[in-house]
Amino acid sequence: MSLPRRKFDTLIIGAGGGGLRAALQLSQAEARVAVVSKVFPTRSHTVAAQGGVNAALANVLPDNWHWHMFDTVKGSDYLGDQDAIEYMCRAAPRVVYELEHMGVPFSRLDNGKIYQRAFGGQSRNFGGDQAARTCAAADRTGHAILHSLYQQNIRARTHFFDEFFAIDLLRDPEGNVLGALVLEIATGEPLVIEAKTVLLATGGAGQLFRTNTNALINTGDGMAMALRAGIPLQDMEFFQFHPTGIAGKGMLITEGVRGEGGYLLNGEGERFMERYAPKAKDLASRDVVSRAIYTEVREGRGCGPDKDHVLLKLDHLGVDVVAKRLPGIRETVKTFLYLDPAETPIPVYPTAHYTMGGIPTNRHGQVVVPEHNGPEEPVLGLYAAGECACVSVHGANRLGGNSLLDILVFGRAAANHIIGELKQNRYHRPMNDDSVDQAMARLSRWDRRDGSETVDGLKRELQTVMEQHCGVFRNEEILKEGVAKVVELEARMQGAYIKDHSKVFNTARIEALELENLMDIALATVCSALERRESRGAHSRVDHPERDDVHWMRHSLFHKDGRRMDYKPVRIKPISVEPFPPKKRVY
Amino acid sequence: MRFSIYRFDPDKDSQPYMQDYVLDEAKIWPGMMLLDALLELKAQDETLSFRRSCQEGVCGSDGMNINGRNGLACITPLASLKTPIELRPMPAQPVIRDLIVDLTQFYTQYRAAKPYLINEDPEPEVERLQSPAEREQLDGLYECILCACCSTSCPSFWWNPDKFLGPAALLQSWRFLADSRDQATDLRLDELEGPFKLFRCHTIMNCVEVCPKGLNPTRAIGRIKDLMLKRSM
């Protein structure tokens, strides 16, 4: 089949913070870069990040990158790779200063430096007093960063393919990645983009769960593309539930509320986090706070007529602080709950938020797989960065403020590695037509005009199954049922069809392709969760309540082929400092 | 609840038309937003096409004309709307399909405003300093989400979309002129000279009226005009 083709040095799929940071680095190095995004870049989900980005600038309280590294390793429940964590924490101040130079409108301290606030899981001096490490632009930090990155890419003349949907990666029989088949949404026309290197920066898969803080576009497209290309997904059982989504609705209320001095109350008016985390209290790690809220509600100490949530109190902060530091969430709460959080506490409940797992990479952003020579052999030409990747800097639980940092540090690191790679590989490899045909088959499958299932119906069922079977607390029986139900839904998806066959801006077809992606990731998540028989970070098994470092301090790898599980060791050796050995995790 | 929605699929329709939809009262919940209703209608008829993403008013995808006024579906409460709810694409832009408009012209004007910080000094090892008062100048400017509600409700932009930058782009123009770190004031002002790019604004103020983020492009345009005047004196 003859399809239109375009050729670039590098193809970046995804235009959130990770993709745009990489694109900027590459454009400035005069590489020919194409950024493909299914939405206009500033609509990417980075725009919704609120609280800030962590970097040990020490603008407010003493700080250094080594303390940040300790907190991140501890936060990860010792599943994070310590070389990557060291790299990220050391690079953090520099990437934040770079953002400031690009024009990000950070909030400021009286001395003119970048404003920093306290966030969960942060300490000084390796577990001591609370740190203030999160650099913020009010509570719209993601918006400020994403827009600035897009603006600098305009200046650098990066080539954008706005509203193009990536169907699949193209590979040759030797496994080299050659580019991707993409679909122009407005016209319905497929396009082959050839590239010497491809960076996946497609974000997370929060749409797996019925109640989530995520945008509707967060369907894990890049992760599923990797799975279909034969690449396993790492640590998918670790899904973060943010403690403070608006109860029953899911909109995110930033951890910055607690960083600014807000706290949680149960139905008895008790500041219950004091019982769960005597020292850090409301600023314990997210997994700890989410479990505490869930437990309070389950034990009958919830708030409201149905006792099904807790309250986030910030009215004591005063209108000025709320208006100046938290204007975005104030607006959101006013819009969706018709109340002013400067006067009335916000009803909150843990809500699906962040995919810790993803495409396995090393700290240069290279995708690595277990092949001939050990567990981490690079896939030639393929990179991943941000939420779709698993470096792993977040391990079993991500710290607030480390996701914006992750996309910036590893978007930039991947671009730097790509620049080196482009110098060595000056020519495109020959395109593989079989690979194009396979990707086209995925597209034409939705041309069928009859069937027994709808895309919307299956998606709703999938989200409900994941919520009921792969939530905050899990056990063997619930997870086994979960696997069976997702397998059944996947089988039923073969009978699904769409009624819209227009070529023009066919959103029904895009949603069908997204459902396929979600289905693959749901299986990866629930299968990985069933097999991990311990509790670590966000993965809480009531039937295996303890962390088991002897058997389980290792990364899971889920292969689509045969739904096979595989494992690889955690990289506990940092680059230049002593390792942080696993310890009991208390806050 | 009744809806009347603009439909046009160039793949099969020769003319646009208005289609009636009914949303079952049982599917309506207190606090439901217009976007929630549209997602329900799309479950009934998946050919109904519109953009959407964040569902909380920060991504700017779902701008549309709602009972004659531009707004974001995701933060427009259903209960605030008179029925039948009439939905049309944002005015005066080429329609791609149904409620989806081609925003190429809007984005071109955004790019023309040079919406990025220009500072040619050597980069310091740390942040450039900016006082809280200087930073405050950017409030009400940087929060723009590029939803295009303002520019597509501006008659001056309707008549001259290729020559007048429009409120959204001019808001960004002022965002960088107002930034204590930016050094390109003269360049920016030079590029706004002439009868169209800036001066087609006739302070009709539709932009202020419809901005879902409560921003005030008319005021920003006024500030640019003041600065130009000051410079010429």
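Start by selecting helix H8 (286-298) and strand E20 (540-541) of chain A: each supplies at least two residues of the lining of the second largest pocket. H8 of chain A gives the most, with three residues. (Helices, H or I of at least four residues, and strands, E of at least two, are DSSP runs numbered from the N terminus.) A pocket here is an open set of points on a 1 Å grid where a 1.4 Å probe fits, with protein on both sides within 12 Å along at least five of seven lines, and lining residues have an atom within 4 Å of a point.

This is a predicted model: local features need pLDDT of at least 70 and side-chain atom pairs 80 or more, while totals for chains, interfaces and linings use all residues. Residues are numbered from 1 along each chain as its sequence is written.

Next, show A:Asp77, A:Arg291, A:Pro545, A:Lys584 and A:Arg585, which lie nearest the centre of this pocket among its 23 lining residues.

Now move to chain B and colour domain 1 (2-101) and domain 2 (104-232), with bounds from an automatic or database domain assignment. Their contact (heavy atoms within 4.5 Å) takes 14 residues from domain 1 of chain B and 13 residues from domain 2 of chain B.

Which side chains meet in a salt bridge? Select B:Arg69 and B:Glu209, at 3.6 Å, N to O. The term asks for a side-chain nitrogen of Lys or Arg within 4 Å of a carboxyl oxygen of Asp or Glu. The count between domain 1 and domain 2 of chain B is one salt bridge.

Methods
Chains are lettered from A and ligands numbered from 1 in the order in which they are written. Side-chain values use heavy atoms; hydrogens and water are left out.
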